[in-house]
Amino acid sequence: MISLKAPAKINLFLKIVRKRPDGFHDLASLFQTVSIYDELSLELSDQDSFSCSETNLENNDNLVMKALNMFRAKLAKPFFVSVTLKKSIPSQAGLGGGSSDAASMLNGLNQLLDHPLNYQDLHEIASTLGSDIPFFLTGGAAFCEGRGEIITQVKLPEEKSLWVVKPPINLATPRVFKNLDLASLPDENVDNALKSHLEGDGVFFNDLEPTALKLEPDLQSLKSSLVMQGFKDILMSGSGSAFFCFGPMKPVLPPEYEVYPCHYVS
Ligand code: C5P
């Protein structure tokens, strides 16, 4: 049996570059894995089974099981696995929980079966399964382009006074992208943004945030509250609804807001 920790991610900046003919968006984003983890356990078995701490996720549509089926198809060799997933990363939060679980599944299966697939094979499966999944095969910090599958790994200075806040609001990624007004996006310089983070004085922006704030106005109240409490670099992660911010003290928020003390992980 093997056990893997699947980390969450935040997007330190996220620029939408264009809408593509296939309906997806090209983006330019700095991803960083952070210390909130799901736990995935895998064991070879005589039939597949999947148990999840959140029973509503316990079905064959789960990205973890889709990853298993695609891995098996690529290998063209029968094997069966008993899978247990303990969720801690909030869903529909822009923290990449499902994507991280799927990438851990691919890495875990490869480990369990003594590395029959190479990185290219895993990357191909990952990018078919979802835009954020290739990033999670390696994690750490990476500048991601295309749909997210063109990955340049980078090393960022350590950051410890980081908080991730999940409000009692869920945002589905397609809803945010569908409501995006491309013409209204600011003209941020991505090269400068990347340089700023490498040098430890990051510029933070997310082109998806204004749309999310419009769709769910309570997110604006959350942001305003964090501003009032003196936090800096307050930003929504991915397509939301989670926000992150930096500051020495824990944010004070109503009990239905989940607050996670975090640091960057590689
Ligand atoms: O790839 P994934 O399944 O995570 O994408 C979910 C939805 O988010 C897509 O169906 C699309 O609407 C939107 N999306 C996008 N461009 C991206 C990533 C996601 O338009 N680069």
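This is a predicted model: local features need pLDDT of at least 70, side-chain atom pairs count only at pLDDT 80 or more; totals for chains, interfaces and linings use all residues.
Select the residues around it: Gly23, Phe24, His25, Leu27, Gly130, Ser131, Arg147, Thr173, Pro174 and Phe177. Colour this shell by class. Four residues are nonpolar, five are polar and one is charged.

Next, show the side chains of His25 and Ser131. An N or O atom in the His25 side chain is 2.7 Å from an oxygen atom of the ligand. For the Ser131 side chain, the distance from an N or O atom to a ligand oxygen is 2.6 Å. Switch to a surface view. On its own the ligand has 450 Å² of accessible area, and the protein covers 72% of that.

Move to the secondary structure. Select strand S2 (25-45) and helix H5 (173-178), the elements that give two or more residues to the shell around the ligand. H5 gives the most, with three residues.

Now hide the ligand. The space it takes is the largest pocket. That pocket holds about 1,000 Å³ of space. Its lining counts 41 residues; select Leu63, Ser99, Asp132, Thr173 and Ser239, which lie nearest the centre. Thr173 also belongs to the ligand shell.

Then highlight strand S1 (2-19), S2, helix H2 (97-112) and H5. These elements each give two or more residues to the lining of the largest pocket. Here H2 gives the most, with four residues.

Finish by colouring the lining by class. Expect 17 nonpolar, 18 polar and six charged residues.

Conventions. Residues are numbered from 1 along each chain as its sequence is written. Side-chain values use heavy atoms; hydrogens and water are left out. A residue is near a molecule or strand if one of its heavy atoms lies within 4 Å of it. A polar contact is a pair of N or O atoms within 3.5 Å; within protein, one must be able to donate a hydrogen and the other to accept it, and residues adjacent in sequence count only if both atoms are side-chain atoms. Accessible areas come from the Shrake-Rupley method with a 1.4 Å probe; for residues, only the protein chains shown count as cover. On a 1 Å grid over the protein atoms alone, a cavity is a set of points where a 1.4 Å probe fits but cannot get out, and a pocket is an open set with protein on both sides within 12 Å along at least five of seven lines; lining residues have an atom within 4 Å of a point. A molecule sits in a cavity or pocket if more than half of its atoms lie within 2 Å of its grid points. Ala, Val, Leu, Ile, Met, Phe, Trp, Tyr, Cys and Pro count as nonpolar, Asp, Glu, Lys and Arg as charged, and the others, Gly among them, as polar. Grid points are joined across faces, edges and corners, and a volume is the space filled by probe spheres set on the points.
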